[in-house]
Amino acid sequence: MNLQKVFANLPFDAELLLYIGVPVVGLILLLIAMSLLDSRKQDMRRRVEQIRVGRTPKEHKKDTVNAKRNTAESNIAAIDRLIKSALPRRELLRKRLDRAGLRISIARYLLFCLAAGAAGTAFNIVIMPMPPAAAVLSGVFIGFGFPHLIVGLLAKRRANKFLNAFPDAIDLMVRGLKSGLPITESIKTAGEEVPDPVGEELRQVTDAVRLGQKLENVLWDMSERLDLQEFKFFTVSLAIQSETGGNLSETLQNLSNVLRGRRQLKLKIKAMSSEAKASAYIIGCLPFVVGFFIYLVNAEYITKLFIDPRGHLMMAVGGIMFLIGGTVMYKLVKFDI
């Protein structure tokens with residue numbers, strides 16, 4: 001059977017879909033292979049280290065700390081050098097991934113971006129359809145914007161979980177201090193009792209102190225990485241107490257009450273602004289929903305927006321006005337405490 005005749009009878013450009021789909025599938029398979037290779041290497045290193053020190057996995061995880069910092073962004077040296085030369089401020093991206101709780105390399109994140117951009121370009125060319133230049137530009141926007149949005153949402157969700165459990169961790173520290181434990185042991189106890197992500201961060205503090213770093217320096221580094229006002233309050237409280245002295249348990253108890261009050265105020269603001277946010281979501285989604293239903297009813301009618309240059313101009317003007325309106329509504333319901 002002649003493949004050209006088969007492609008000609010299909011309702012879409014099957015050859016173009018094949019040319020774009022094969023690289024996308026290849027990128028996805030490469031991503032899966034890198035993930036499997038990385039996990040196998042980590043498992044092999046862990047087993048070798050356990051055999052070398054002669055400990056069980058549980059004892060090894062509990063009693064040893066990895067003092068070597070891994071600065072490589074990829075398992076492949078050439079890709080690692082390319083990332084370090086092409087991304088001069090990669091530490092900002094690394095901190096953003098850490099805030100989201102994603103323990104992945106920058107190379108893997110960039111591979112996700114590339115796969116999302118290729119998939120978006122293929123969708124715009126084959127399904128919409130759009131001109132190649134516009135499809136590529138939109139694919140670039142999707143490739144960088146969609147993963148950035150996902151990481152931002154994950155970081156926000158992790159920050160909310162951290163703030164919800166952090167006052168309980170401070171209360172555990174207060175009880176430890178009142179029972180006669182030092183602050184480092186109190187932080188260690190809180191890290192073991194409080195669920196993640198608070199427990200995970202406090203365990204990192206304990207590990208760094210065990211390696212010889214000063215508690216104050218570790219807390220300041222973690223404050224910069226987390227970028228949360230509540231944790232900065234905690235760091236400032238310990239720093240001031242270490243210089244001036246005083247009752248640390250009483251200071252932390254007052255801080256716990258302040259953090260709970262801030263959380264209650266945020267919830268109250270969220271409840272009062274929920275109506276305005278719902279209206280903004282409805283108004284923002286309305287153009288896309290209406291356009292989708294028009295495409296289902298009469299695809300030829302709305303496709304002219306993506307083909308005709310005048311439609312491109314109208315879409316550009318509408319997109320700019322949409323962004324301005326969304327920014328204004330966001331500022332109206334955004335309150336800083």
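Helices (H or I, at least four residues) and strands (E, at least two) are here DSSP runs, numbered from the N terminus. The structure is a predicted model, in which local features need pLDDT of at least 70 and side-chain atom pairs count only at pLDDT 80 or more, while totals for chains, interfaces and linings use all residues. Residues are numbered from 1 along each chain as its sequence is written, and side-chain values use heavy atoms, with hydrogens and water left out.

Of its 337 residues, 31% count as buried, where buried means under 20% relative accessible area, exposed means over 50%, and partly exposed lies in between (1.4 Å probe, protein chains only). The accessible surface of the chain comes to about 22,400 Å², of which 65% belongs to carbon and sulfur atoms; such areas come from the Shrake-Rupley method with a 1.4 Å probe, and for residues only the protein chains shown count as cover.

A nonpolar core is defined as a set of buried Ala, Val, Leu, Ile, Met, Phe, Trp, Tyr and Cys residues joined through side-chain atoms within 4.5 Å. The largest such core has 31 residues, and those with the most contacts inside it are Phe166, Phe231, Phe234 and Leu252. The elements that give two or more residues to this core are helices H7 (132-178), H8 (183-193), H9 (198-210), H10 (215-226), H11 (229-244) and H12 (248-272), and H7 gives the most, with ten residues. Leu252 touches Ile170, Met173, Val174, Leu177, Ile183, Phe234 and Leu238, residues up to four places away in sequence not being counted, and contact means heavy atoms within 4.5 Å. A second, separate core of nine residues includes Leu93, Ala100, Ile104 and Tyr109.

The loop between H8 and H9 holds both Val194 and Pro197. Val194 counts as buried, at 6% relative accessibility, and touches Ala165, Ala169, Leu172 and Gly199, again not counting residues up to four places away in sequence. Val194 and Phe166 are 28 residues apart in sequence and 8.4 Å apart in space, C-alpha to C-alpha. In the backbone, a cis peptide bond joins Asp196 and Pro197, with omega at about 10 degrees. Another backbone feature concerns Asp227, which lies in the loop between H10 and H11 and has a positive phi of about 55 degrees although it is not a glycine. Most residues other than glycine have a negative phi, and most peptide bonds are trans. Asp227 is partly exposed, with a relative accessible area of 45%.

The second largest pocket has a volume of about 2,000 Å³. On a 1 Å grid over the protein atoms alone, a pocket is an open set of points where a 1.4 Å probe fits, with protein on both sides within 12 Å along at least five of seven lines, and lining residues have an atom within 4 Å of a point. Grid points are joined across faces, edges and corners, and a volume is the space filled by probe spheres set on the points. Of the 46 residues that line this pocket, the closest to its centre are Lys156, Asn160, Lys277, Tyr330 and Lys334. H7 gives the most to the lining, with ten residues.
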